[in-house]
Amino acid sequence: ILKNVRGTLERIKPYSPGKPIAEVQREYALTDVIKLASNENPIGASHKAQEAIREALSELHLYPDGGQTLLKQALAKRFSVSEDMIVIGNGSDEVITFICQTFLEPGDEVVVPTPSFSEYDFGTILMGANVVPVPLNSDFSYDLNSFLDAITEKTKIVFLCSPNNPTGTYIRKQEFRQFIENLPPHVLVIVDEAYNEYVEASDYAQGLDFLKEGFNIVVMRTFSKLFGLAALRVGYAIGPADIIGYISRTREPFNVNHLAQVAALAALEDVEHMKESLRVNREGKQQIYEGLAALNLSYIPTETNFILFDTKVDAKQVFQSLLKKGVIVRDGGIFGLPTYIRVSIGTAEQNERFLRELAEVL
Ligand code: PMP
């Protein structure tokens with residue numbers, strides 16, 4: 001039987017998740033552990049979303065709406081697109097898999113930035129296709145010309161992540177226009193905008209603007225970050241209706257559960273929660289910038305809810321020492337950046353604790 005397992009799977013490393021708070025508490029006999037490792041919303045989910053879930057508890061015996069009607073309608077209205085331009089997944093992780101299942105066959109090529117989010121590699125390899133990594137510049141900005149150079153006739157997809165995880169850097173309007181206008185027509189561009197809502201830079205290339213101009217691009221967004229619904233798993237893609245139509249064929253009928261749908265719908269209407277989340281993030285960003293500068297550490301300016309910074313030493317050691325003190329961050333080694341740490345922006349109190357413990361372990 002094991003011989004019948006698809007050879008492709010040998011190329012996929014088993015997923016090793018970051019340590020959850022409860023495990024760190026047990027392992028190090030700590031009570032007060034904070035997690036600034038997965039770019040979650042530190043103020044929690046919208047109370048309106050929580051209330052919507054409580055109301056929906058009486059409907060747990062019913063299948064969810066397989067057409068995701070209300071949520072799709074709300075998203076279509078929010079972005080002024082038609083409903084057939086949207087596909088919703090069990091997290092945008094699942095949407096990445098849908099996209100790969102839709103387009104990729106063994107031997108195809110997929111161009112991805114590096115360092116970036118690992119799911120693009122996963123989806124590509126799962127389908128037996130090959131990852132073509134394109135490094136970011138040394139300051140982690142994008143050089144989209146090197147992405148064009150990496151394209152061959154085997155290329156089916158280019159994944160771009162803007163702002164990029166784990167660097168926080170983004171693609172500028174002018175460079176994206178130059179890129180998309182020179183893109184060979186057989187290549188589909190996916191722009192993963194998981195952190196879009198946090199962007200303040202005025203020259204940020206909004207994928208939706210280019211989509212509405214008529215370019216063949218698919219934009220991905222999520223409810224896991226600003227909307228604080230990471231546990232529920234809701235992400236979506238917006239793109240040309242014909243492309244989205246095919247991507248939707250790979251979707252299981254009930255892929256987004258009922259509680260997730262009602263909560264996402266309620267969260268979209270909770271403008272106060274969004275404003276407060278953005279305020280906490282903006283202030284927290286400044287707080288961490290200042291704290292890192294005071295420690296003489298350089299950081300990459302970010303347009304997201306996390307900050308990548310250089311410890312100038314072995315980040316694994318720093319990561320382990322912080323862990324023992326009950327502060328969970330991301331070790332840059334997993335992104336091929338062995339001296340870097342990625343820290344999610346938390347509440348003022350969490351940021352202060354992180355900076356205090358960091359000063360002690362360095
Ligand atoms: N894309 C990027 C760039 C991310 O950082 C993440 C979350 N880590 C995701 C997608 C996945 O988000 P979701 O929770 O919607 O699956």
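The dialogue below reads a few features of this predicted model, from the whole chain down to one helix.

User: What does the overall make-up of the chain look like, in helices and strands?

Analyst: The secondary structure amounts to 13 helices and 12 strands. The radius of gyration is 20 Å, close to the 21 Å that the globule rule gives for 362 residues, so the chain is as compact as a globular protein of that length. Along its principal axes the C-alpha trace spans about 55 × 55 × 55 Å, and 44% of the 362 residues count as buried.

User: Which part of the chain does UniProt annotate as a domain?

Analyst: An unreviewed UniProt entry places the feature "domain: Aminotransferase class I/classII large" at residues 31-357. Over residues 31-357 the chain is 39% helix and 17% strand, with the end C-alpha atoms 16 Å apart.

User: How should I read a sheet, and what is the strand order in the open sheet of 3 strands?

Analyst: In general, the strands of a sheet pair through backbone hydrogen bonds, and the pairing can be either parallel or antiparallel. Here the order is S9-S12-S11, and the pairing is antiparallel. Strand S9 (306-310) and strand S11 (330-331) stand at the edges with a single partner strand each, so one side of each is left without a neighbour in the sheet.

User: How many bridges join S11 to S12, and which residue is the bridge partner of Arg 330?

Analyst: There are 2 bridges between S11 and strand S12 (residues 340-344), and these strands run antiparallel; the partner of Arg 330 is Arg 342, in S12. Helix H12 (residues 315-324) lies across S11 and S12, running at about 40° to S12.

User: Which residues of helix H11 are buried, and what do they pack against?

Analyst: The general idea is that an α-helix has 3.6 residues a turn, so residues three or four places apart point the same way. In H11 the buried residues are His 273, Ser 277, Asn 281, Gly 284, Lys 285, Ile 288 and Leu 292.

Technical notes:
Residues numbered from 1 in each chain as written. Predicted model: local features only at pLDDT ≥ 70, side-chain atom pairs only at ≥ 80, totals over all residues. UniProt positions renumbered as here; feature names shortened; annotations may be inferred. Helix = DSSP H or I, 4+ residues; strand = E, 2+ residues; numbered from the N terminus. Rg over C-alpha atoms; globule rule 2.2 N^0.38 Å. Buried ≥ 20, exposed ≤ 12 C-beta atoms within 10 Å, placed from the backbone. Pairing = 2+ DSSP bridges. Contact = placed C-beta atoms within 7 Å. Axes fitted to C-alpha atoms, helices over the stretch in contact; angles between N-to-C directions.
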